[in-house]
Amino acid sequence: MNKPVRRIAIFCGLLVLALLLRDNWLQFVQADELKTHKNNRRVDIARYSQPRGNIIVDGQAITGSVETGGVDFKYKRTYNDGAMWAPVTGRSSQVYGSTQLEKLYDRVLIGDDDRLFFNRTVDMITGKGKKGGDVITTLNSKAQKAAFEGLGDKKGAVAAIDPRTGKILALASTPSYDPSKIAGANDGKEWTSLDKDKNQPMLNRALRQTYPPGSTFKVVTAAAALENGLYKDVDSKTDSPLPWTLPDTRVTLDNEGTIPCKDASLRVALQYSCNTVFGKVSADLGNKKMMEQAQKFGFNNDKVDTPVRAAQSVYPKDNRPQNAMDGIGQASNRATPLQMAMVAAAVANDGKLMEPYMVDKVRAPNLNVIETHQPKEMSQAMSRDTARKVQSIMETVINDGTGKKAQIPNVTVGGKTGTAQHGVDNKDNPYAWFISYAKGADGSPVAVAVVIESSDTLRDDIAGGALAAPVAKKVMEAVLSTSK
C-alpha cells in the first residue's frame, strides 16, 4: 500500500474509532442525561403513550388515565376527588411536569423502573403494551375525607399519623386544586389561574408550609421540663411568679384572660395554657436544652422524607428573651402540621417517635410486590415515664381544659390547643392550632395536627379549641371507625 493510501486508511480508521467512541459515550455515559433532558420530546411522547400505573388508597385507585385523542400524547392523567388527594398524589402534567408521589415514583408508574424488567420482557414477547406499576399508600380514605371536609372553605391543613408505625393516615390542605385540570397539553388557562391565585391552592400546607405552633408547642416544653429534671411531678407547684418578666428585658409576658397561672403545676398550666409558666420553663432550661428536646421530636431536621420532602421545622438558636417566647411556640419557632402531628404521636407512643411515611408498597403490573416499607424508629423523644406524664396532662386539657370539643365518648383523648400570633405586631388574624391523639387499650392508632390559617371567623372568636379541635375529632373518629 502506497503512502497516500495508507494515510487515508489511517484517517478513516480514526474517524470510525471516533464515531464508535462518540456513540458509546452517548449511549452509556450521557444516556440518562439525554433521556431526561427537557427538550427531548420523544421521552414525553413515550411517557404518555400508555396509561400510567395508579396510586392506591384502601385498595382503590385514586388516579386513572384517559385517551386524549391527540397525535403525540395518547393518554393524560385523571384524578378521583383530585382536590382532596392533591397533597398526596401531586400532579402529572404533560406540560408542567410532575410533583410529589407522581414525580418520585414516575419510573414505576410508566413501567420504566429496572425492577419491572421481567414484566417488560414478558410484555415484549407476548406483544402486549408496556404497563406501569402501582404505588400503594398508607392513607385512610375516611380520615382523609374527614380532614378535607372538616377544613371546608377555611385555609389550613391537617396531618394524621399512626403513632405505632409512622403511617400517614391523612394529609389535607385547603384551598386545593384538581390536578386533572392541568394534566393535558391545552390547560394553560387553568394553570395560569392557579399560579396567580393569591391563596396558593397548589401549596401543600400539610408538608411544605411552616407556622408558629403557638401553645401546642407547650407539650414539647413540658417534656423538656420533665426530661431535664426541672420538675419531676406534673402536679407539684412550679416556680412561676405572676407577673413574669422576660429575661434581660422589662417586658412582662401576658396570659390570655384571668387564669390560675401563678406557680401553677404543669397540669394546670397546660390545662389553662399559661404563657408565664412555659415561658419561664424555657428560660430556666436555656436555649441549648430546649433546642435539644425539640430536635428529638424532629425539629431542625431538613431530611424528613415521607417520601415527599417536608419543609424543615425550626427551633432556633436564640437569645434569652426570644428563647422564652420560642418555648411558647412564638418568636422564630416554626413547624409544619406534619411536625406537630409527630409531637402528638411521640407522646401517644410512650416517647418513641416513628418515621412518618405514606407509601406502604410498590407493586408490578402482575401484582408482585417489588418494594415494601418497614416502619422505622426515628428517635426516642422522651422516656416512657415522661411520656406517660405528658399524656396525663394532655388528657386533662381534653377533659377539663380548652380542648373539650375533641372529646369522644368512651375513648381516651389527649390534646393541646394553640393560638399563634400572625403578622407584624399580631395585626393579622391568628393561627388556630390543635394537636391530639386517641388512645385505646392496645395503644394509639391516630395522632392529629390541625392548623387553621384563616377563616371567616371573627378575630376575637379564633381559638384552636373552637376551630381546629372539631376537625381533629372528626379525623380521629374516622380512624377509630376503621380500626375496630
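The questions and answers below concern a predicted model of one protein chain.

User: How many helices and strands are there in the protein chain, and what share of its residues is buried?
Analyst: In this predicted model, the C-alpha trace spans about 105 × 55 × 45 Å along its principal axes. The secondary structure comprises 18 helices and 18 strands. Of the 484 residues in the chain, the buried share is 52%.

User: Among contacts with a separation of 6 or more, what percentage comes from residues 24 or more positions apart?
Analyst: A contact here requires heavy atoms within 4.5 Å. Among the contacts in the protein chain with a separation of 6 or more, the part from residues 24 or more positions apart is 68%.

User: How are helix 11 and helix 14 oriented to each other?
Analyst: Helix 11 covers residues 218-227 and helix 14 covers residues 287-296; their axes come within 9 Å and cross at roughly 115°. Angles of 65 to 115 degrees count as roughly perpendicular. Helix 11 is therefore, relative to helix 14, roughly perpendicular.

User: Which residues of helix 14 does helix 11 meet, and what is the hand of the crossing?
Analyst: From helix 11, the residues involved are Val 220, Thr 221, Ala 223, Ala 224 and Glu 227, and they meet Met 290, Gln 293 and Ala 294 of helix 14. By class, this contact of helix 11 with helix 14 holds five nonpolar, two polar and one charged residues. The crossing of helix 11 past helix 14 is right-handed.

User: Which residues of helix 14 are buried, and why are they said to lie on the same side?
Analyst: The buried residues in helix 14 are Asn 287, Met 290, Met 291, Gln 293 and Ala 294. They lie on the same side of helix 14 because the arc they cover around the axis is only 165°.

User: Which helices do the buried residues of helix 14 pack against?
Analyst: Met 290, Gln 293 and Ala 294 of helix 14 meet residues of helix 11. The buried residues of helix 14 pack against helix 11, helix 13 (275-285) and helix 15 (320-326).

User: Is Lys 288 buried or exposed?
Analyst: Lys 288 lies in helix 14. Its C-alpha atom is separated by 9.1 Å from that of Asp 318, 30 residues apart along the chain. The relative accessible area of Lys 288 is 62%, so this residue is exposed.

User: Which residue just after helix 14 takes a positive phi?
Analyst: The phi in question is about 115°. The residue just after helix 14 with this value is Gly 298.

User: How are helix 11 and helix 17 oriented to each other?
Analyst: The axes of helix 11 and helix 17 (residues 384-400) come within 10 Å and cross at roughly 140°. The cut-off for roughly antiparallel is over 145 degrees, and for roughly perpendicular the range is 65 to 115. Helix 11 and helix 17 are therefore oblique.

User: Which residues make the contact of helix 11 with helix 17, and how do they divide by class?
Analyst: The crossing of these two helices is right-handed. Helix 11 contributes Val 219, Ala 222, Ala 223, Leu 226 and Glu 227, and helix 17 contributes Thr 386, Lys 389, Val 390, Ile 393 and Met 394. The contact of helix 11 with helix 17 divides into seven nonpolar, one polar and two charged residues.

User: Where does Pro 243 lie, and what is the omega of the peptide bond from Leu 242?
Analyst: Pro 243 is placed in the loop between helix 11 and strand 10 (244-245). The peptide bond from Leu 242 to Pro 243 is cis, and its omega is near 5°.

User: Is Asp 350 buried or exposed?
Analyst: Asp 350 is in the loop between helix 16 (337-348) and strand 12 (352-354). Its phi is near 55°, a positive value in a residue other than glycine. Buried means under 20% relative accessible area. At 15%, Asp 350 is therefore buried.

User: Is Asp 81 buried or exposed?
Analyst: Asp 81 sits in the loop between strand 4 (75-79) and helix 4 (82-89). Its phi is positive, about 50°, although Asp 81 is not a glycine. With a relative accessible area of 55%, Asp 81 is exposed.

Terms used: Residues numbered from 1 in each chain as written. Predicted model: local features only at pLDDT ≥ 70, side-chain atom pairs only at ≥ 80, totals over all residues. Heavy atoms only, no water. Axes fitted to C-alpha atoms, helices over the stretch in contact; angles between N-to-C directions. Helix = DSSP H or I, 4+ residues; strand = E, 2+ residues; numbered from the N terminus. Parallel < 35°, antiparallel > 145°, perpendicular 65-115°, else oblique. Left-handed = near helix turned anticlockwise from the far one by under 90°. Nonpolar A, V, L, I, M, F, W, Y, C, P; charged D, E, K, R; others polar. Buried < 20%, exposed > 50% of the residue type's maximum accessible area, 1.4 Å probe, protein only. Arc of directions from axis to C-beta.
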